[in-house]
Amino acid sequence: QVQLVESGGGLVQAGASLRLSCAASGRTFSVYHMGWFRQAPGKEREFVATITWSGGSTAYADSVKGRFTISRDNAKNTMYLQMNSLKPEDTAVYYCAAKGRLKREYEYWGQGTQVTVSS
């Protein structure tokens, strides 16, 4: 089992940047594929980005492609989401998640960090 804690959220103006972090503890971090999701008020949780256990492959939602970058440092048991050119529609609670390499669904979730982008 792995425990996940997000940090780095906050209130920024449109066009600004933020970097979210997801710190993992428990089982070996590098065995897990990782992902970022977000949930805006009144909306369902949606996929943002994912990164494989080695960091060798990433994928993004179309809405963030070219603006957000997912990365991980397995030596530090930490995953990151660099968010540039933020828009008001990026406002949401951001969650990090982990799943085993052979799993289809994400198994472990953090508590979330609020990102608010003002226009």
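I started at Met-83. Leaving aside neighbours within four places in sequence, I found Met-83 in contact with Ala-16, Ser-17, Leu-18, Leu-20, Arg-67, Phe-68, Tyr-94 and Val-115. I took contact as heavy atoms within 4.5 Å.

A note on the source. The model is predicted, so I kept local features at pLDDT of at least 70 and side-chain atom pairs at pLDDT 80 or more, while totals for chains, interfaces and linings use all residues. Residues are numbered from 1 along each chain as its sequence is written, and side-chain values use heavy atoms, with hydrogens and water left out.

Next, the core. I defined a nonpolar core as a set of buried Ala, Val, Leu, Ile, Met, Phe, Trp, Tyr and Cys residues joined through side-chain atoms within 4.5 Å. Buried means under 20% relative accessible area, exposed over 50%, and partly exposed in between (1.4 Å probe, protein chains only). The largest such core has 30 residues. Met-83 is among those with the most contacts inside it, along with Met-34, Trp-36, Met-79, Leu-81 and Tyr-94. I then listed the elements giving two or more residues to this core: E1, E3, E4 (32-39), E5 (46-51), E7 (68-73), E8, E9 (92-100) and E11 (113-118). Strands here are DSSP runs of at least two residues, and helices (H or I) need at least four; both are numbered from the N terminus.

Then the pairing, where two strands pair if DSSP finds at least two bridges between them. E1 (residues 2-7) and E3 (residues 18-26) run antiparallel over 6 bridges. Val-2 has Gly-26 as its bridge partner in E3. E3 also pairs with E8, again antiparallel, over 6 bridges. There I noted Ser-21 opposite Tyr-80 in E8.

I moved to Thr-78, in strand E8 (residues 78-83). Thr-78 counts as buried because its relative accessibility is 11%. Its side chain reaches the backbone oxygen of Lys-76 at 2.8 Å. Beyond four places in sequence, Thr-78 is in contact with Ser-21, Cys-22, Ala-23, Phe-29, Arg-72 and Asp-73.

I counted a pair of cysteine sulfur atoms within 2.5 Å as a disulfide, and the count comes to 1. Cys-22 is joined to Cys-96, S to S 2.1 Å. The link of Cys-22 and Cys-96 is right-handed, with 60° about the S-S bond. Cys-22 lies in E3 and Cys-96 in E9, so the pair ties together parts 74 residues apart in sequence.

Definitions and conventions. A polar contact is a pair of N or O atoms within 3.5 Å; within protein, one must be able to donate a hydrogen and the other to accept it, and residues adjacent in sequence count only if both atoms are side-chain atoms.
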